[in-house]
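Work through the exercises below with the coordinates open. Each task is followed by a solution in steps.

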Amino acid sequence: MRFLYVREEQLAGKTVTFDDEQVHRLRKVLRMQAGDQLLLRSRTTGRPVSVVIRRLDKRTGLAEQSQTAVPELRAPRCRLHLAAALLKQRRLELVFQKCTELGVATLHPLVTTNVVARDLSSNEFRRLGDITEEACQQCGRPLPPPIAAVTEFEQFVSEWHARQV
């Protein structure tokens, strides 16, 4: 079953109203229409709700909760963390996307000796978050992994070692 991330407050009632961006994704990307079933997930908690789309116009969309059983997703048996050097933006995006699809628990961008980039702007950080969210929608993962703040390699290693001992 296809799914879409929504804000928690959208899941409060029996009906769900979609915003412009969500309508675009449903109509143009997922190619859904009235009568189709869809699984909605809260962006913050991952809580799933099964709905049936009742109306999907160019700019508006409405769905009602259905009684369809929601498939249970299990957490991975091991928690894998990825610590990756800051690569050129497109390559870093690809690494984060694929690691999200593979089930990495946390993404840690690092500043190492030979990297040119030293930090991520708020727009770059937001874009990486959007990419991990899209990767979750692609693979069916309930929530995207958190992206840690950019850290120096040496600091990350000492903090990680202290946490593991």
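A charge sits over a ring if NZ of Lys or CZ of Arg is within 6 Å of the ring centre and within 35 degrees of the ring normal. The model used here is predicted.

**Exercise 1.** Find the residue that lies over the face of Phe3.

Solution. The residue is Arg41, at 5.6 Å from the ring centre of Phe3. The distance criterion is within 6 Å.

**Exercise 2.** Classify the aromatic pairs of the structure.

Solution. Step 1: the structure holds two aromatic pairs. Step 2: one of them joins Phe3 and Tyr5, with 5.5 Å centre to centre and 85 degrees between the planes. Planes over 60 degrees apart count as edge-to-face, and the pair of Phe3 and Tyr5 is edge-to-face. Both Phe3 and Tyr5 are buried. Step 3: the ring centres of Phe156 and Trp160 are 5.8 Å apart and their planes are at 25 degrees, so this pair is stacked.

**Exercise 3.** Describe where Phe156 and Trp160 sit in helix H4 (residues 153-164).

Solution. Step 1: because Phe156 and Trp160 are four residues apart in H4, about one helical turn separates them. Step 2: Phe156 has 12% relative accessibility and counts as buried. Trp160, with a relative accessible area of 25%, is partly exposed.

**Exercise 4.** Give the strand order of the open sheet and name its edge strands.

Solution. Step 1: three strands pair in parallel in the order S6-S7-S8. Step 2: strand S6 (81-85) and strand S8 (151-152) each pair on one side only, as edge strands. Step 3: two bridges join strand S7 (residues 106-111) to S8; Val111 has Glu152 in S8 as its bridge partner.

Key:
Residues numbered from 1 in each chain as written. Predicted model: local features only at pLDDT ≥ 70, side-chain atom pairs only at ≥ 80, totals over all residues. Heavy atoms only, no water. Phe/Tyr/Trp six-rings, centres within 6.5 Å; stacked < 30°, edge-to-face > 60°. Buried < 20%, exposed > 50% of the residue type's maximum accessible area, 1.4 Å probe, protein only. Pairing = 2+ DSSP bridges.
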